[in-house]
Amino acid sequence: MIYLDILHNSLKESAKNLGLDGNFIFQHDNDHKHTARNVKMWCLFHCKQQLHTPPQSPDNNVIENLWATLETAVEKHKIRNKAHLKQVLQEERGKMSSDITKKLVESVPRRLEDIIKTKGNATKY
């Protein structure tokens, strides 16, 4: 399963690069790939704290903001083909500082507070 490979190979390294090491809350929604039995088992043993959110909840899913930033950067290029797109995505992601991700992660408590205040309705995020 590709998602499980991503978790196994990237999650802890990414957390370490952000200075989080073992002190993080892993957020995922109820998408089918996140609720697969083998993924649940992996998370049980590798993610001490988890935050389960509804599927397709952009207000509290910081990855959506990261994707938007990456998309804006990629749109500045004239993509010629699939290989060029892959190259540009990798280059632009490499240019992003970890500060972007860190600020997004730090915004989660505010996002959750806003969701509570709006009783689950849309927020500014």
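Modeller: The C-alpha centres of domain 1 and domain 2 lie 18 Å apart. The bounds come from an automatic or database domain assignment: domain 1 covers 1–52 and domain 2 covers 57–124. This is a predicted model, where local features need pLDDT of at least 70 and side-chain atom pairs count only at pLDDT 80 or more, while totals for chains, interfaces and linings use all residues. Residues are numbered from 1 along each chain as its sequence is written, and side-chain values use heavy atoms, with hydrogens and water left out.

Colleague: How many residues of domain 1 are in contact with domain 2?

Modeller: Contact means heavy atoms within 4.5 Å. Here four residues of domain 1 touch seven residues of domain 2.

Colleague: What is the area buried between domain 1 and domain 2?

Modeller: Buried area is the accessible area (1.4 Å probe) that two parts lose on being put together, summed over both. For this pair the value is about 450 Å², with 61% from carbon and sulfur atoms. On the domain 1 side, Leu18, Gln27 and Leu51 lose the most area, together 80% of what that side buries.

Colleague: How many salt bridges cross the interface of domain 1 and domain 2?

Modeller: A salt bridge is a side-chain nitrogen of Lys or Arg within 4 Å of a carboxyl oxygen of Asp or Glu. Across this interface the rule finds zero.

Colleague: Is Cys43 buried or exposed?

Modeller: Buried means under 20% relative accessible area, exposed over 50%, partly exposed in between (1.4 Å probe, protein chains only). Cys43 is buried at 0%, and Cys47 is buried at 3%.
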